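Subject: Structure handover and notes

Dear colleague,

Please find below the sequence and the structure that I am handing over to you. My notes on what was found follow it, and I would be glad if you read them with the structure open.

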Amino acid sequence: MISQPSRQCTVELQALPSRIGQVRRIVSAQLRYWHLDPLIDQAALGVTELLTNVHRHAEPDKMCSVAIELLLDRLTISVHDHDPTLPALRDAEPLATNGRGLALIAAVSESWGVRPVGESGKTVWFTLAAPSPAVSLPPYALYETTAGGPYREARPQHAGHGRAAAQSPVAG
């Protein structure tokens with residue numbers, strides 16, 4: 001039995017520079033909630049590039065929606081806007097300050113593409129491979145500080161003893 005085979009989150013916004021940072025933080029928080037911390041940097045970069053494209057190029061308005069979907073072992077992030085003009089992957093000049101957005105997305109993602117939505121716009125998407133659940137951290141690990149040292153995982157205490165019980169991460 002597959003539990004939670006699909007998880008989704010959608011945010012609607014006007015693609016303004018101030019909102020792009022907010023959506024990047026929302027995406028990061030959602031991925032932390034789903035325990036997909038290793039994907040945060042790539043996802044934040046990709047959503048930033050897609051929203052910047054909407055801000056710079058989309059007509060007649062800058063309204064769009066960002067959808068995040070985790071389906072089994074694939075995370076898909078897509079941005080839908082109301083401009084039917086499809087973006088094109090360009091070769092930017094070495095010293096150019098723009099024109100690399102889709103190339104960056106292609107470099108950090110597993111796959112990407114554009115889906116026309118009739119005359120009402122388009123959806124640009126990219127996918128990232130989700131880490132295996134067997135490798136991810138436990139959902140609610142407790143951490144405590146040690147005197148003058150780094151954080152360490154808190155261990156349950158035996159009644160009447162001052163030392164933590166030895167535990168193995170491997171069952172058996």
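Before the helix packing, a word on how the angles are taken: axes are lines fitted to C-alpha atoms, for helices over the stretch in contact, and angles run from 0 to 180 degrees between N-to-C directions. Please keep in mind that this is a predicted model, in which local features need pLDDT of at least 70 and side-chain atom pairs count only at pLDDT 80 or more, while totals for chains, interfaces and linings use all residues. Residues are numbered from 1 along each chain as its sequence is written, and side-chain values use heavy atoms, with hydrogens and water left out.

**The chain as a whole**

The chain holds three helices and seven strands, where helices (H or I, at least four residues) and strands (E, at least two) are DSSP runs, numbered from the N terminus. Along the sequence, their order is β-α-α-β-β-α-β-β-β-β. Of the 172 residues, 30% are buried; here buried means under 20% relative accessible area, exposed means over 50%, and partly exposed lies in between (1.4 Å probe, protein chains only). Among the contacts in the chain with a separation of 6 or more, 56% are between residues 24 or more positions apart, a contact being heavy atoms within 4.5 Å.

**Helix α2 and its two partners**

Helix α2 covers residues 40-57, and its 18 residues should span 26 Å at 1.5 Å a residue, which agrees with the 25 Å between its end C-alpha atoms; the expected span is 1.5 Å times one less than the number of residues. The buried residues in α2 are I40, A43, A44, G46, V47, T48, E49, L50, L51 and V54.

Helix α1 (residues 17-33) packs against α2 at an angle of about 150°, with the axes 9 Å apart. That angle makes α1 roughly antiparallel to α2, since angles under 35 degrees count as roughly parallel, over 145 as roughly antiparallel, 65 to 115 as roughly perpendicular and the rest as oblique. The crossing of α1 and α2 is right-handed; a crossing is right-handed if the near helix is turned clockwise from the far one by less than a right angle, and left-handed if anticlockwise. From α1, the residues that meet α2 include I20, V23, V27 and L31, and on the α2 side those that meet α1 include A43, A44, V47 and L51.

The axes of α2 and α3 come within 9 Å and cross at roughly 155°, so these two helices are also roughly antiparallel to each other, but their crossing is left-handed. In this pair, Q42, L45, G46, E49, L50 and N53 of α2 meet G101, L102, L104, I105 and V108 of α3.

**Single residues to look at**

P17 lies in helix α1 and, with a relative accessibility of 56%, counts as exposed. Its C-alpha atom is 10.0 Å from that of R56, although 39 residues separate P17 and R56 along the chain.

S78, by contrast, lies in strand β3 (residues 74-81) and is buried, with a relative accessible area of 14%. Apart from neighbours within four places in sequence, S78 is in contact with S65, V66, A67, T123, V124 and W125.

E110 is in the loop between α3 (101-108) and β4 (111-116), and its 45% relative accessibility makes E110 partly exposed. Not counting residues up to four places away in sequence, E110 touches R74, T127 and A129; the C-alpha atoms of E110 and R74 are separated by 9.3 Å.

**Backbone points to check by eye**

The peptide bond that joins E59 and P60 is cis, with omega about 10°, and P60 lies in the loop between α2 and β2 (63-71). Two residues other than glycine have a positive phi: for H35 phi is near 60°, and for L72 phi is about 55°.
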